Each structure stands twice: as C-alpha cells, then as structure tokens.
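Subject: Model handover

Hi,

Here is the model for you to look over. My notes follow below it.

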Number of protein chains: 2
Amino acid sequence: MAPLSEQVRLAEVAAVVGEPARAAMLLALGDGSALPAGELAACAEVSAATASEHLLKMLDAGLVRVERQGRHRYYRLASAEVAELLESLMVVAHRSPEPRRQVRVPPQLRTARSCYKHLAGRLGVAVCDALSGRRCIEVEEGLAVVTAGGLRFLEDFGVDVTRLRSHPATRTCIDWSERRPHLGGAVGVAIHRRCLELRWIRPHLDSRAISLTPAGVRGFHAVFGFDPARFAAAVERLPASLSRA
Amino acid sequence: MAPLSEQVRLAEVAAVVGEPARAAMLLALGDGSALPAGELAACAEVSAATASEHLLKMLDAGLVRVERQGRHRYYRLASAEVAELLESLMVVAHRSPEPRRQVRVPPQLRTARSCYKHLAGRLGVAVCDALSGRRCIEVEEGLAVVTAGGLRFLEDFGVDVTRLRSHPATRTCIDWSERRPHLGGAVGVAIHRRCLELRWIRPHLDSRAISLTPAGVRGFHAVFGFDPARFAAAVERLPASLSRA
DNA sequence: CCCACGTTTCGGCGCCGCCCGAAGCATTCC
DNA sequence: GGAATGCTTCGGGCGGCGCCGAAACGTGGG
C-alpha cells in the first residue's frame, strides 16, 4: 500500500487544475499563447490579487511558465504535456453524463479552434477526413500514416516534407467536441502553420477559436474540397483590428 | 468571454480527481481492474462512509462505472479515456518541480507496471528499446511504426499480426517514471496480453505493479535479450496465492 | 427468519482555500 | 523625480468540502 508520493502529487496537480478560475486561465493559454497576468485575471473573472495567487500555485505545480517583459509578466503553458493534459480532461469532461445539465459548446469554438499548435473542431476533423478520403493518410486509433500520395499532396500544399519521408506517421487526437479524430503531431502542426502562413485562418484574441478568412474559404474549397457554405459560420466578420497578426 | 460551460465541466472533472482519497482510488483502478467499495476505502485509507461519497461523485463525473455482484459493488474506470487522463496527470505531476520534496516512485511500480492494458515502467521501456534496437519498430514522437522485420518478430512471438499488416503503426506513451517512451496502442496491448498468456508476468493484487515469473526472466532474455539480472528486483517472491491468475 | 456483512445515507463538526481590499514593489512614462 | 501602471503580498472573512459515527438499506447465509 506504499505508493504514497505519486498519488499525492497526482492529486495535487489535478486539484490545481480543478478550480474554476485556474481552469479558465489554463484554457485561455490552451493554444500555447502567452498572456499577461492582468488579462488572465479578466479571463477568470477574478481580481488581480486572486489571479496572482492562482498563478503562483500553477507555477509551483509546473503547469505554467512565466517570463518578464517590462512591467508585464507573460504566462504560458509550461509544456506540451500540460496541453495534452487539458485535452484529456476535455475529452472526459465532455463525455461525462452529468445528470441534467446539457453541455453547450460555444459554436465558435466548435466550428474551428486551435489545440496547442494544430487545428481542431469541425475544421480540424474536416481536414483529417479530407486527407483520409483522398488516401493521403491512413487513420487508425491514435495515429495516422502518410501515404506516398499524401506526401505529394502536402508538398504541393507547401509543407516541408523532408522529415516526413523517413517518418511518415503522425499522431491524431480525439476531438472533444466532435468525438472524432483530428490530426496532431508534426503533420498537424505543419498544416496549421501553413494555413496561418497563407492567411486562410486567423486566431481570435480572446479564445482558442479560429476564423476563416475569405481567402481561406476559397483555399479550403480548392485544395481540400470543402463546401464553401460549410464553414460560413466561421468566416471572419470582425474588423481585422480584433484579430491576431 | 462566453465559453463557460466547457470550462466549468473541465474544472469539475479535475476537481473530482484532485482529492487525495479519490486519486488513490482511481490509481488503484488504473490497470482496468474492478474492485469493491470496501477495498477502495482501504486503498484510500478512509472510512467506508467517506469512500462511498467519493465513489458517488466519481460516478457523477463519469470517471468510474459500477456493477453489482451479490452484496458487493465492483467499481472500475469508466473508459480508456479516463486511464489516459490519469497518465497525462502522472506525466505532469512527475515532471513538476515542486520545490523541495524529492519524488520517490515506489521501486515495485517503477520496475514494471501495467498502464491500463500495456506494459510500463522499466520493463515497458526496455521492451520498446529492444524492439527499436532490432529495427522492429521506428519510434518517433508519440508513435512507432512496425517494420517488416518487426512483423515477423511479433508473429514469431505469438502475436496476431493480421490487422497490423495494413496498419503498421501504434501509439507510444511517455513513461512517467522513466521519462522515455513505451509502447501503447494495439501493439502494446497485444504484447502485454501475450506476456500474460505465456505467464511471463503476473500483476499484483494491490497495485498496478507487475512481477516477473522465473519463466518470464528466461523468456525476456531469450526473446528480447534482457540481462536476467536486470529485472531481478521484479522477480516474484510472493506465494502464488497473493497474485492474480 | 434473523443475523452478519457490505454499502449507502444522514447529521454535524472542523479545516482548508478562495476571495477581496489595501498596501508594497517594480517598471515605465512624462 | 513623481505619477501611473502592472503585479504581488498581507490580513481577515466566509463558504464549502472532506471527515466520521450512527443508523438505514439490501443481500446472502445459517
């Protein structure tokens, strides 16, 4: 009955995440961006003092890192492992029955969002499906293997595939809102980056949601075959000033 | 700032896990076995009444399932996703700096343990390394691809490889105690099952730790090339009555 | 049928941790 | 230098949650 320390530490980490204000902050950092303490306080809807305490605890628990920049302190997730932990929690949380209350995923998040460094939500799943349908990838539980045709496709799309030739596999994650897999790992990250480069997508400032630009609608139609109407809800309607570079 | 419901539920799930007694119970169930409420109370070192409350909360949160058998109630993890969540937590918990206190992983667990349905700990990592060294698998971040030689090796070992021919890749997990990858996914499960079949390993009753049988020592030496002395600490010293079938 | 046992429900106690306002540092801007 | 800004530290209040013993419930055994 010895194994104490491991249990204790697991519980400690979970307890740190398991506080609404802290969870809100972690989710705000979920796409890997760095935010100053004040903004995180606003995300969690608590005072600066309270937020500071929470941030200290998350630092101690190894969930976040901080770097000073002038009189700001920018916090970000400590590692990709923490992002994975958050995803694992989302999967379980979204499936949990929880008697009455029905879950409502905010439509913006559900349509398209970033998951650390790759695409998720309906858009992420659609990309995965499109590649799978064109035999660019073979999807099975937890991972996807890029085919020879997939290599050419990705190269045409503008992704650097040199590393991919020797290691043609990549991870997939279960998408918590869609309950279907989307591409993660190196390939998922590369596609996400390429979409940003092409300005097909634009992350929101205040959440992990993603907008499609008009160019993105055309591009996803031309390259992946998406019905332009399918992601109409995600087409950017905000002035560019409200979006990230 | 709308996305409330998702945050709330994530925090709820994490809070349920983030309580020492509940975490202890979850870890006791971590290998997928089913245990009655009373035994879980003992694992967590709380009264039956307290344990019952905890179990109710974990049921509500969708972390565990229960089935009645006579006057016992057997609890088990609700799904593989919950097991993955626990692993994610272990990874973060084990890496977290946490000022002074140094982590002590119980040696039994560190040497060999099961992780839901596959091998972990030093033994799990050693199997992964051995396969990798013999070019049976190509390991990269988050996954491993089985080579043609690997297919033959696994077939000789007695694993059913029919499905593997068309889908030659499998997941890897970061081992929280070794900080190195071990095999998960279908291949990891198959190897674990085969080792059980051959009676090379025997799970403990009271934790996820695993013993090697004398046959296991010989077998791992013959097939995977392990130094027999390397896992001497894990060789079963208990009477068989204390081990699971 | 009654008792033994495993489990859950109830009531009440005690502590931990979340919260905020105010004060204390640090940094930048004028 | 002084004032404004961003963040942290301190002190105290309050609510919630985990804990247990006792009692209720349900099942199986004699």
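How many residues does the contact take from chain B and from chain A? The answer is 63 residues from chain B and 66 residues from chain A. Keep in mind that this is a predicted model.

First, the protein-protein side. Chain B and chain A bury about 5500 Å² between them. Carbon and sulfur atoms account for 64% of that area. The count of salt bridges between the two chains is 0. Polar contact is found for 3 residue pairs across the interface, both residues at pLDDT 80 or more.

On chain B, the elements giving two or more residues to the side that touches chain A include helix 1 (4-17), helix 2 (20-28), strand 8 (169-174) and helix 10 (185-197). Helix 5 of chain B gives the most, with 13 residues. That side of chain B divides into 35 nonpolar, 11 polar and 17 charged residues.

Next, the DNA. DNA strand D is surrounded by 23 residues. Among the closest are Gly38(A), Tyr75(A) and Lys57(B).

Helix 4 of chain B gives the most to the surface near DNA strand D, with 5 residues. The residues of that surface divide into 7 nonpolar, 7 polar and 9 charged.

Best wishes

Key:
Residues numbered from 1 in each chain as written. Chains lettered and ligands numbered in written order. Predicted model: local features only at pLDDT ≥ 70, side-chain atom pairs only at ≥ 80, totals over all residues. Heavy atoms only, no water. Contact = heavy atoms within 4.5 Å. Buried area = accessible area lost by both parts, 1.4 Å probe. Salt bridge = Lys/Arg side-chain N within 4 Å of Asp/Glu carboxyl O. Polar contact = N/O pair within 3.5 Å; in protein donor to acceptor, adjacent residues only side chain to side chain. Helix = DSSP H or I, 4+ residues; strand = E, 2+ residues; numbered from the N terminus. Nonpolar A, V, L, I, M, F, W, Y, C, P; charged D, E, K, R; others polar. Near = heavy atom within 4 Å.
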